[in-house]
Amino acid sequence: MKLISPLKFAALCATLSISVFAAAQGDPATLARIVDQGKNHSEIVDRLHTICFDIGARLTSSPELYKGQLWALGQFKKFGCTNVHLEKWGEFPVGFDRGPNQSVRMVEPYSADMVFTTPAWSNGTKGPVRAEAIKFPASLAELKAHEADYKGKWIILPPPAGAPPVPGGPGTSSIRQVPAGGAPGGGQGGGAARRAAAAGAAGGAAGGQGAAPAQGGRRGGGGAQGAPDPAIVAELETIGIAGRIASSRNELVVTSGPAWNAVTFEKHPGTVQVTVRRSDYDHIVRNIDFGKKVVLEINVENRWFKGPVPCYNVVADIKGTEKPDEMVIVSGHFDSWNGPGSQGAQDNGVGAMTAMEAARILCAAHAKPKRTIRFILWSGEEEGIFGSTNYVKMHANELDKISAVLVDDGGGNYQGGYTILPQMKPMMEQAIDASVKAFPEFPQVLTLANGARMPRGGGSDHAPFNAAGVPGFFTKETGKLDYTFVHHTQNDRFETIIPEYLVQSGTNHAIVSYNLACAETLLPREPKATN
């Protein structure tokens, strides 16, 4: 057998690698370098680690988001991007973040740490607050008749509508078996426990008297499911309770912040609102129902900052060589919720870092796209896709020259394709071809949209572009990650990432954006609406 020389073998390998990309819109040699950078020199996991541990969760209006945006500016400049800047899109009336002191624990009848959250833009405790926990009053009349019993207490709200009842608690078909030694934390067992539980059930039905109060506390109260009576809630706010405790529907504790535009630094009323995971809620309620005095110690350090707080998107470009006024946008929102425990890793640190990794790859590969490739890290997405919506308004005269907007905002699975219109299919098949061949273990699917329009809605930053007639693509997230487990929950952390998926996603962003930026034409669009 005739041996081939090392130099000839290297040349053959280079020729074969370039031939893989021969049908692509972009330069085949450049695509080969892009794939090499993405697969063999990836930096995406390191950057995601930085934002999770050195910056933290990034609520819009928080110092952490602004710190992250300044860091991102430095990274884009380091890569070699141009036109790197913060673009202001609006203001929030007040700033908010969470301090390091965040804890909820039961201290009586036994000690137990609890998993919890509080809404963003809501009040904290101003230090640890230890108080008895009692049930929500069954009626406004009961509350007014016994206001002193509720003053200074943690008020346990009814469970969410549709949530399963507390196992073995009053009102269920059977009383749970109490182990030898009594109910959780010791105390009453056997028949005494059953009698206490039955008393709680009767008290709930008869106006919330429940078991006999201890130290002025009312341990019975309403047991009905669903939203608490707003009139009772309003009255509780006036009597000086410690705060309100709600249950999540399951073991996932979801953070949100609906009051961001209804508060100011000077005026942000309301008592502390805590949501604990369902199993912790059950422990509280079960002990109350068994006649136990339940004491909680809660320390929630929620911090307010004077507004108005300017809000920005991070913008960076690789300028086009032939048609610099036309562009492809690669993006993901950088803001996140910031509930205790969350780092904003999956929603949407991953999406922001895939955009940054695409910029790094393209710069390192010395890509020279014909059109400009713009990278944008949005903010205000979680509160109402404000960053992208305002970008569309502010750049209305440029929309006709945007070929496509790529958005990664579905968690850390790999980018498994796009929803497209039929007229887009030939170009999109070419655009993804090099990525499909580079990552055969991660197949992609192009799904045809129903009807003649790109999908509307979707709740992420592609939606405002589609509404304006600009092709916006929410990358299909494909793989084994359970996004529900992390989405807006206490589990949105770095340790849930799947590194090989991130490598594919950053590289795919780079390949697709480069090919579309080098295509002969802009991506075909849906027909314009006629009046």
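On a 1 Å grid over the protein atoms alone, a cavity is a set of points where a 1.4 Å probe fits but cannot get out. A pocket is an open set of points with protein on both sides within 12 Å along at least five of seven lines. Lining residues have an atom within 4 Å of a point. Points are joined across faces, edges and corners, and a volume is the space filled by probe spheres set on them.

The model is predicted: local features need pLDDT of at least 70, and side-chain atom pairs count only at pLDDT 80 or more, while totals for chains, interfaces and linings use all residues. Residues are numbered from 1 along each chain as its sequence is written, and side-chain values use heavy atoms, with hydrogens and water left out.

The structure holds one cavity of 30 Å³ or more. The largest cavity has about 40 Å³ of space. Its lining includes Thr255, Trp337, Asp347, Glu382 and His488. By class, that lining has one nonpolar, six polar and three charged residues. Here Ala, Val, Leu, Ile, Met, Phe, Trp, Tyr, Cys and Pro count as nonpolar, Asp, Glu, Lys and Arg as charged, and the others, Gly among them, as polar.

Now turn to the largest pocket. It holds about 590 Å³. Its lining has 32 residues, and Pro119, Val254, Ser256, Gln273 and Thr275 lie nearest the centre. Strand 7 (243–247) and strand 8 (272–276) each give two or more residues to this lining. Strands (E, at least two residues) and helices (H or I, at least four) are DSSP runs, numbered from the N terminus. The pocket lining divides into 16 nonpolar, 14 polar and two charged residues.

Two strands pair if DSSP finds at least two bridges between them. Inside the order, strand 5 (129–135) and strand 9 (294–305) pair in the antiparallel sense over five bridges. Ala131 stands opposite Leu296 of strand 9.

Strand 13 (402–407) and strand 17 pair in the parallel sense over three bridges. There, Val405 has Gly472 as its bridge partner.

Among the contact residues are Trp71 and Phe76 of helix 4 and Met353 and Arg360 of helix 10. The contact has eight nonpolar, one polar and one charged residues.

Finally, look at the backbone. The peptide bond from Asp347 to Asn348 is cis, with omega near 5°, and Asn348 is found in helix 10. The bond from Glu108 to Pro109 is also cis.

Terms used. Contact means heavy atoms within 4.5 Å.
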